[in-house]
Amino acid sequence: MHQFLEAAIIGVGLGAQYALLALGFTLIFGILGVVNFAHGGFYMLGGYVAYTCVAGLGLAYPLAVVVAMLATAALGWLFELLLIEPLIDDHLATLMLSLGLYLIISTVVLAIFGPISMEFAFPVTGSFHAGSVYLPRENLIVLAVCLVAIACLWLVLFRTDLGRALRALADDRAVGMAQGLRPRLLFPLAFALATGLAGLTGALVTPILSLAPGVGEPVLATSFLTVILGGLGSLGGAALAAFIVGLVEAYTSVYFGGSIGALVLFVMVLLLLVFRPTGLLGRDVRGA
Amino acid sequence: MSELRIEQLAKRFGGLRVFQDLSFTLQPGGLMGVIGPNGAGKTTLINVISGRQPPSGGKVFLGGRDVTGQPTHAISRLGIARSFQQTNTFRSVSVRENIARAVLFGRRGRPAGLDRLLQEFHLTERLDEQSDKLPYGLQKMLGLAMAYAIGPKVLLLDEPAAGLERGERAQIDAFVHHVRTHGGCSVLIVEHDMDLIRRLCPRILVLDAGNVLADGAPADVLARPDVIKAYLGAVDDEEDA
């Protein structure tokens with residue numbers, strides 16, 4: 001029983017991490033219509049910025065996490081404003097641009113830090129135990145921060161005028177513009193919000209998992225899989241799917257070994273796409 | 001209230017000329033219909049005035065201010081609102097949220113008579129329904145109410161009666177009367193429904209092959225043989241077929 005409970009909590013923790021990544025990914029797709037192939041790059045960059053702040057500048061880890069989030073948000077804002085915005089209606093061009101940015105980020109990181117994994121440890125160690133259930137404290141802290149970040153994102157999107165405007169552009173850009181919304185102001189903000197979340201996740205998670213130049217690729221794959229499962233462009237769907245993915249990974253890892261999790265997920269998504277092509281909560285797929 | 005003045009407006013798509021040397025003035029609080037056969041450039045005219053497409057030449061003035069080629073959001077902020085041929089609502093949210101967004105984004109407060117308009121359109125009792133679950137006619141009415149909810153000085157209506165049942169079309173008359181009376185809006189209507197145009201518009205402009213074929217009172221314009229040949233005759237032919 002304790003194994004079952006531990007897997008559940010680990011699954012929820014993974015789900016919260018995936019939710020931050022997938023929400024950002026689907027936010028960019030839903031609002032801008034852009035598939036951001038650089039999303040994993042921003043996750044990786046978040047990790048490296050936090051590492052540099054801690055190891056190079058001697059900042060406290062929580063401050064380093066904030067710096068990483070702000071730096072990746074700023075880079076995302078600039079990238080959207082300067083490169084994506086002029087080509088916003090060209091889906092292939094924006095896709096290639098984001099792929100190019102990912103390659104640039106990876107190459108720069110590789111050139112500066114080398115191919116070896118960084119020694120970047122989470123500052124809190126030890127386990128929390130209740131009865132026979134043992135959980136690493138670092139996982140619980142990351143889970144708490146991710147849940148707070150998700151709650152903040154929800155507040156921004158559903159309780160502020162900015163969020164209302166962003167959701168309106170996601171619903172129908174032409175109608176939103178006809179009512180006075182300025183995509184040139186709002187799109188970079190949406191992009192920054194999403195990349196900031198990816199950077200935050202990277203800064204939180206890479207000290208627990210690993211920090212190396214290739215860590216962005218599986219993150220991109222998981223984000224992609226999650227938003228397809230949830231329904232492209234659906235925020236609620238992305239969050240729901242993220243926790244499903246996290247729980248499936250945790251339970252398959254505990255009961256069947258690590259490698260079967262990915263297989264189960266891909267089969268699950270494949271079956272879902274056959275019977276419900278719009279994903280769990282997706283309405284329809286935006287045309288190219 | 002602001003005057004909408006169009007001076008020698010032109011639009012081309014590459015080598016294809018949509019219209020040229022188009023000039024007219026819509027007086028403050030005025031009402032004007034634009035008719036013409038399919039492909040005459042009526043919707044493109046609305047797209048150009050509302051900033052959705054840049055003009056190839058000419059000028060658009062609102063209240064004496066040159067607004068030519070400004071982006072859609074800027075034109076909207078200056079006071080020109082538009083509706084679309086299809087429904088122009090945010091499909092995934094409620095009627096209430098659609099209206100709230102339009103009022104918020106328009107930044108001019110809730111326009112006079114908006115609530116009464118919603119009552120007239122029987123939308124008040126359906127405020128919590130998701131907009132794309134409404135019958136098509138009500139979605140069109142919601143789209144019109146949203147265009148008014150941003151508090152415009154000039155309303156450009158692109159085929160507001162398209163897709164409506166004949167019995168529903170009287171609501172367009174009510175809408176136009178309402179926005180002029182309560183909001184002081186000028187209204188330009190692009191429409192194929194000639195009965196509606198005759199009923200509503202004291203002045204109509206006929207576009208044909210990119211040129212103004214006629215401009216004047218409906219009784220005069222619609223009696224002209226060249227207008228009948230270019231447009232009305234074609235409609236009759238289609239209906240006969």
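In this predicted model, the count of cavities of 30 Å³ or more comes to two, a cavity being a set of points, on a 1 Å grid over the protein atoms alone, where a 1.4 Å probe fits but cannot get out. Features described locally need pLDDT of at least 70 and side-chain atom pairs count only at pLDDT 80 or more, whereas totals for chains, interfaces and linings use all residues; side-chain values use heavy atoms, with hydrogens and water left out. Residues are numbered from 1 along each chain as its sequence is written, and chains are lettered from A, and ligands numbered from 1, in the order in which they are written.

The largest cavity has a volume of about 60 Å³, where a volume is the space filled by probe spheres set on the grid points, which are joined across faces, edges and corners. Its lining (residues with an atom within 4 Å of a point) includes Val175(A), Ala178(A) and Gln179(A) from chain A, and Ala81(B), Arg82(B), Phe84(B) and Met146(B) from chain B. H7 of chain A, strand S6 (80–82) of chain B and helix H5 (136–149) of chain B each supply at least two residues of this lining, helices (H or I, at least four residues) and strands (E, at least two) being DSSP runs numbered from the N terminus. The largest share, three residues, comes from H5(B). By class, the lining of the largest cavity has seven nonpolar, three polar and one charged residues, with Ala, Val, Leu, Ile, Met, Phe, Trp, Tyr, Cys and Pro counted as nonpolar, Asp, Glu, Lys and Arg as charged, and the others, Gly among them, as polar.

The second largest cavity holds about 40 Å³ of space, and among the residues that line it are Ser83(B), Gln86(B), Thr87(B), Lys140(B), Leu144(B) and Pro160(B). Phe84(B), Asn88(B) and Gly143(B) are part of the lining of the second largest cavity and also of that of the largest cavity. The lining of the second largest cavity divides into three nonpolar, five polar and one charged residues.

The contact between the chains (heavy atoms within 4.5 Å) takes 19 residues from chain A and 24 residues from chain B. Chain A and chain B bury about 1900 Å² between them, 54% of it on carbon and sulfur atoms, buried area being the accessible area (1.4 Å probe) that two parts lose on being put together, summed over both. In chain A, Arg164(A), Gln179(A) and Arg283(A) lose the most area to chain B, together 36% of what that side buries. Gln179(A) also belongs to the lining of the largest cavity.

In one salt bridge, the side chains of Asp171(A) and Arg101(B) meet at 2.8 Å, N to O. Because Asp171(A) lies in helix H6 of chain A and Arg101(B) in helix H3 (residues 95–106) of chain B, the pair joins two chains. Helix H6 (161–171) and helix H7 (173–178) of chain A each supply at least two residues of the side of chain A that touches chain B, and the largest share of that side, six residues, comes from H6(A). By class, the side of chain A that touches chain B has eight nonpolar, three polar and eight charged residues.

Notes: 1 Å grid on protein atoms, 1.4 Å probe; cavity = no way out; pocket = protein on both sides within 12 Å on 5 of 7 lines; lining within 4 Å. Salt bridge = Lys/Arg side-chain N within 4 Å of Asp/Glu carboxyl O.
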